[in-house]
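Reader: I am new to this structure. Please show it to me, and then let me ask about its parts.

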Amino acid sequence: MTKPKIVLGLSGGVDSAVSARLLQENYIVIALYLSIGPEAAGEADARAVAEELGIEFHTMNISEALERHVKAPFASDYLSGRTPLPCARCNPLVKFPSLLALAKEVGADYISTGHYARVEHSPAGRTLLKKGQPSNDQSYMLAQLPQSILQKVIFPLGNYNKDSIRAKAEAFGIPVAHKPDSMEICFIPDNDYAAWLVRRGAAAPDGDFIAPDGKVLGRHGGIHRYTLGQSRGLGVSGPHRYYVSRIDPQTNTVTLSDGTDLMRTRILCGHPNWIAIPALDGPRAVTARFRHARTETPCTISPMGDGVLVEAHTPVRAPTPGQLAVFYDGDTVVGSGWIQSALS
């Protein structure tokens, strides 16, 4: 019996490389390297893995889509006082659609990546996104994927942790078995967001640090350099440690406080993506992550206009506009929404 075809995003890292080897047991694997332009650094490693495993290898230039859907919004968010989350935007708008495009071209029924997450099919006919192993779970960054994509996805690493994947890479003789993990945004390999914005000509001007009562505390180097809750690198001394508690692009000010005003219980989110349910039609108890960390807070979510009102049962520190709130029922992702503002 002929194996079904699957298109795998092969990045040149160890996770996607081991994914390729695992998938070969049940699929004809077709590898796709997504080139982001001059910043791309993994193609040689990805090609070496494909050659070692004997799988078909393709490349696709996604620089234009990345600029439109990720880079331009990334710059705009920082200039608007928000803190962007580019990977969570890229997945549903660039990366997975690119995999689907090649799958259609080569007649593949499925697509795959090396993310640490799982998918299951519910009796109600929906495809569920589930957490991976706790130490490596990446469901947060995938929580904007729609049903049309999730129905085609297979995540072979969902039941593994990173240490076991490293061991498998070694056992399989994969060329990138000892390659360090990349922790940076792909288009900012040096991890210096401010310098990237300066090179792009999108840096904000200097302005005032102010206290909650409006008193000027010093000068800042542009609002793009700060995020809510930040305490390092402020360069302002005073009677207590200072934290960024507000960023106002209209007045070009950054408000600093002692941090006691950062806790919030009511948070408004927009552009929700529902996964486990077709829609939110009333209050629902969930746990929520408000940043890419393992901390989950018990909450009640309710419809509010086109968005979602999140009422946290215990205060949440610095819910940040531009970040994603992801809602869980146990290990199942109920849905997600982009944080717009904290109401109280």
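Reader: Which residues do ring pairs link into a cluster?

Author: This is a predicted model, where local features need pLDDT of at least 70, side-chain atom pairs count only at pLDDT 80 or more, and totals for chains, interfaces and linings use all residues. Residues are numbered from 1 along each chain as its sequence is written, and side-chain values use heavy atoms, leaving out hydrogens and water. Rings of Phe, Tyr and Trp (its six-membered ring) pair if their centres lie within 6.5 Å; planes under 30 degrees apart count as stacked, over 60 as edge-to-face and the rest as tilted. The cluster linked by ring pairs is Phe74, Tyr78, Phe187, Tyr193 and Trp196.

Reader: Is the aromatic pair of Phe187 and Trp196 stacked, edge-to-face or tilted?

Author: Phe187 is buried (under 20% relative accessible area, with over 50% exposed and partly exposed in between; 1.4 Å probe, protein chains only), at 2%. Trp196 is buried too, at 8%. Their ring centres are 5.3 Å apart, with 50° between the planes, and the pair is tilted.

Reader: Where in α3 does a kink lie?

Author: Helices (H or I, at least four residues) are DSSP runs, numbered from the N terminus. The bend at a residue is the angle between axes fitted to the seven residues ending there and the seven starting there. In α3 the kink is about 30°, shortly before the proline Pro73, and lies at Val70.

Reader: Which elements do the buried residues of α3 pack against?

Author: Buried residues of α3 include Leu66, Val70 and Phe74. Contact means heavy atoms within 4.5 Å. The buried residues pack against α4 and α8.

Terms used. Helix = DSSP H or I, 4+ residues; strand = E, 2+ residues; numbered from the N terminus.
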